[in-house]
Amino acid sequence: MSDRRRSAAALSSRAHAFSVEALIGSNKKRKLRGWEEKDLELSMESLANNGQLGDGDDPVHCLDIDPDSEASPGSDGEGLAERTSCSFGSPEDLAPAACELSPAASMEEIQVELQCADLWKRFHEIGTEMIITKAGRRMFPAMRVKIVGLDPHQQYYIAMDIVPVDNKRYRYVYHSSKWMVAGNADSPVPPRVYIHPDSLASGDTWMRQVVSFDKLKLTNNELDDQGHIILHSMHKYQPRVHVIRKDFSSDLSPTKPVPSGEGVKTFSFPETVFTTVTAYQNQQITRLKIDRNPFAKGFRDSGRNRTGLEAIMETYAFWRPPVRTLTFEDFTNMQKQQGVLVITTCFGT
């Protein structure tokens, strides 16, 4: 009986730590400090010795308490929110790429492939010429590209501009069938950018189609208000295709140069360089454009008609009367023939 009283007395201080008075009493600050003052050490070793934890259990995993962290059991779930966010722990514990792809890396993966490259190369070997007019003329071949490597969920603008290759003016030398430098280039024209009509669109939309600039027109009218690309005649130019991420498009405008930065990537192809003209200079270019341009059917039909007419005239050329001077004998014979014709007509044969 005495042993039981001793054990009760010995445990009275421990029991008092868990009593109602200690937990919800007037002095609430003693709730945690009371354990230290009364030498109550709830160490992990003592819990393990009492059989509350197995030999292979991780105490930290089971309790989920970090004594150095602000995420204590009384933090009303703030610690859970921090641990489930993308930036839990120290900044060094998590790489930035785990939450978001690096913009520079994503733009580096973009690739643009020129469509109808063989046709462009064939024109380039001869010396591509593009007609420009006051009203505006479409390009042939037209710029068509295939884009890959875009972020499917990111929004992009696709644009095109045409820049001078050099600061020279050219002329065509017919006896050598070559373009030669004729002097310095004319004064710069106002910058123009053709923004593709399908912009703004997601990367997935752009990658599922061939991006065509067949509606773009070239003009030599410096006062043009139709949005056409303004160029000088007898100059060499290079078309460029731009892929512009949405967050870098604040300065994008049809009347301003294309913005630069890590969110903009530019592509150009050497075989698309051309010389602007108001009329084709090289006859080989004329034939190639008529043969390969589907909109030049009228030129091909008219050419065939001319060829057929010339063939007919050559076929019946043998009956044409020779050109010579008429003599007195010729007039006498003509009068006799007319007299015979009159008698035959009146009296019959």
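**Exercise 1.** Determine how accessible Arg-169 is and which partner it meets in a salt bridge.

*Solution.* Arg-169 has a relative accessible area of 30% and is therefore partly exposed, a class lying between buried (under 20% relative accessible area) and exposed (over 50%), with a 1.4 Å probe and protein chains only. The model is a predicted one, in which local features need pLDDT of at least 70 and side-chain atom pairs count only at pLDDT 80 or more, while totals for chains, interfaces and linings use all residues. Residues are numbered from 1 along each chain as its sequence is written, and side-chain values use heavy atoms, with hydrogens and water left out. The partner is Asp-186, at 3.2 Å from N to O, where a salt bridge requires a side-chain nitrogen of Lys or Arg within 4 Å of a carboxyl oxygen of Asp or Glu. Asp-186 is itself partly exposed, at 34%.

**Exercise 2.** Characterise the salt bridge between Asp-161 and Arg-240.

*Solution.* The closest N and O atoms of Asp-161 and Arg-240 are 2.7 Å apart. The pair links distant parts of the chain, with Asp-161 in strand S5 and Arg-240 in strand S13, 79 residues apart; strands are DSSP runs of E, at least two residues, numbered from the N terminus. Asp-161 is buried at 5% relative accessibility, whereas Arg-240 is partly exposed at 26%.

**Exercise 3.** Classify the two residues of the salt bridge between Asp-204 and Arg-208 by accessibility.

*Solution.* The closest N and O atoms of this pair are 3.0 Å apart. Asp-204 is partly exposed, with a relative accessible area of 33%, whereas Arg-208, at 60%, counts as exposed.

Notes: Helices (H or I, at least four residues) and strands (E, at least two) are DSSP runs, numbered from the N terminus.
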